[in-house]
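Welcome! Have a look at the model below, and then we will walk through a few of its features together.

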Amino acid sequence: MVVHWVWPSGLKSNTLSGLVENRSALVLFAQHHSREYFELQELAREYHSCGGIGVSEIGCRGNDSLRFVAMDPQEHPEFAPPGLLSSGSDTGAVVFASKEEAQYVLRGPIDADALKHLVRGFDDRTLTRHLTSAGPDGCRREDVVCELNGPSFRRLVADATQDAVVLFYASWCGFCKAIYHHFFAAAKFFQGFSGLLFARIDAAKNDLPWEFTMEHYPTVMFFPAHRKGDSVPYKGPVTTVHLVRFVLRHVRHDVAWQLLRVMCHSRSCLVRNLHKVRRWMLPGCHRGLSWRQSLEASRRARTLHRILLHRLLSIDS
């Protein structure tokens with residue numbers, strides 16, 4: 001069979017999985033016996049003919065590595081990338097590249113030339129990867145927790161003006177919903193302090209850079225302002241108190257200074273926190289951290305110790 005017509009019986013299809021896993025596949029969303037379907041059949045025949053010119057040359061050179069699949073867009077729109085069948089369009093095409101874990105979308109009118117251009121572009125690696133994005137694009141000032149999508153997350157990672165605490169979740173994850181009130185309460189605790197942002201992103205619906213692709217949900221990450229690449233994952237029980245402590249250990253000094261001025265007025269509060277910081281500075285307290293993370297934690301502890309001591313001396317004087 002040159003073109004595989006697939007009719008999935010549910011949200012999971014063993015037939016479709018077998019066609020697109022471990023090999024790249026061009027999937028056409030069009031009506032059966034439509035013009036676009038017959039043009040895909042002609043393209044597939046040419047690709048597999050190995051005649052030495054045009055698309056057939058690509059098929060011969062690539063050892064017939066590209067499979068051709070078609071399905072009804074009205075019956076199975078859930079298998080199409082988000083936005084492909086929007087704007088009143090009932091046809092679309094996408095190349096699923098299993099090796100690169102990427103997808104390349106063909107929008108607009110589907111004809112023989114457009115399909116050939118898609119195949120050639122995939123072979124030449126000149127196509128732009130399609131990145132799935134869902135959710136609001138930006139934060140409102142009154143938001144306690146900012147909801148991100150793919151583009152706004154990438155802007156946040158590039159922003160060197162503020163620390164960020166991000167919850168990576170999935171809409172189908174029940175535990176993500178169960179712990180969210182703790183994350184929200186921690187964000188509420190820090191609300192009003194400049195230089196610190198709490199946000200969350202549905203990572204199952206947004207394509208993110210590979211270094212920020214999470215293996216499980218929920219995951220909480222702290223992104224330092226000037227070193228977003230040195231992000232720190234939260235490990236431990238997800239409670240409001242533990243999340244607040246986690247943020248306090250990694251937040252910038254100017255944010256910590258804001259907290260001290262607002263929340264720690266008395267001498268007893270300052271002395272108590274000085275003792276805690278001194279315990280952080282003891283050898284063995286950073287066990288489990290990498291050398292670089294341990295060095296950064298020690299530097300932060302020394303700076304916080306200096307801030308607390310300065311504040312205590314100013315009160316005593």
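## Where two helices meet

His182, Phe183, Ala185, Ala186 and Phe189 of helix 6 touch Thr240, Leu243 and Val244 of helix 7; contact here means heavy atoms within 4.5 Å. By class, this meeting of helix 6 with helix 7 involves 6 nonpolar, 2 polar and no charged residues. Ala, Val, Leu, Ile, Met, Phe, Trp, Tyr, Cys and Pro count as nonpolar, Asp, Glu, Lys and Arg as charged, and the others, Gly among them, as polar.

## About the model

This is a predicted model, in which local features need pLDDT of at least 70 and side-chain atom pairs pLDDT 80 or more, while totals for chains, interfaces and linings use all residues. Residues are numbered from 1 along each chain as its sequence is written, and side-chain values use heavy atoms, leaving out hydrogens and water.

The chain has 10 helices and 10 strands. These are DSSP runs numbered from the N terminus: helices are H or I with at least four residues, strands E with at least two.

## A buried asparagine

Where does asparagine 149 sit? Asparagine 149 lies in the loop between strand 6 (146–148) and helix 5 (150–158).

Across the chain of 317 residues, 43% are buried.

Note on methods: Buried means under 20% relative accessible area, exposed over 50%, partly exposed in between (1.4 Å probe, protein chains only).
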